[in-house]
Amino acid sequence: MDSGRVVETGTPIDVFSRPRHRYTAEFLGLANVIPVVPDGRHLRTGFGDVIETDARSDTDAPVVAVAVRPDAIRMVEADPGAGAGADVHRGVVSAVEYQPGGVLHDVRLPDGTTVQVVVAPGEGVSVGTPVDLAFEWKKAVPLID
């Protein structure tokens with residue numbers, strides 16, 4: 001519910017795993033909400049990635065964003081002598097939070113977007129570290145608002 005309005009219904013695992021609305025994705029757990037625009041039958045992020053999914057939701061409403069959980073982004077410390085490869089985005093760690101079961105990083109991309117990435121304990125890096133990110137777009141969930 002949002003301000004007394006039912007936003008979504010379904011089983012808890014379905015609503016958590018495949019939310020339809022931005023509000024639901026952010027309310028039920030960590031989610032990076034990435035704005036997208038339709039590009040033919042696919043979606044394109046503001047930083048240029050093409051997501052190979054249908055550009056419409058299962059309700060036929062236009063998709064305006066995708067939700068990507070922090071564990072669906074791979075992060076490695078950047079090699080300063082090499083450029084970022086195809087479909088890899090260089091960013092800088094701006095915050096680190098140690099949690100049970102993992103280390104949560106806020107990573108700021110060059111376009112100003114901040115995403116959260118979780119890695120296994122012991123694999124975290126410190127604030128200010130340049131990192132390379134690869135999004136697992138096949139795990140992205142289309143959002144209609």
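Predicted model: local features only at pLDDT ≥ 70, side-chain atom pairs only at ≥ 80, totals over all residues.

Mentor: Residues are numbered from 1 along each chain as its sequence is written, and side-chain values use heavy atoms, with hydrogens and water left out.

Trainee: In which strand is A95 found?
Mentor: Strands here are DSSP runs of E with at least two residues, numbered from the N terminus. The run that holds A95 covers residues 89-99. That makes it strand β6.

Trainee: Is E136 buried or exposed?
Mentor: The cut-offs are under 20% relative accessible area for buried, over 50% for exposed, and partly exposed in between, with a 1.4 Å probe and protein chains only. E136 lies in the loop between β9 (130-135) and β10 (141-143). Because its relative accessible area is 15%, E136 is buried.

Trainee: Which residues does E136 touch, not counting those up to four places away in sequence?
Mentor: Contact means heavy atoms within 4.5 Å. With residues up to four places away in sequence not counted, E136 touches D71, A72 and R74.

Trainee: How far apart in space are G128 and V92, C-alpha to C-alpha?
Mentor: G128 sits in the loop between β8 (114-119) and β9, and leaving aside neighbours within four places in sequence, G128 is in contact with V92 and V93. G128 and V92 are 36 residues apart in sequence. In space, their C-alpha to C-alpha separation is 5.8 Å.

Note on methods:
Helix = DSSP H or I, 4+ residues; strand = E, 2+ residues; numbered from the N terminus.
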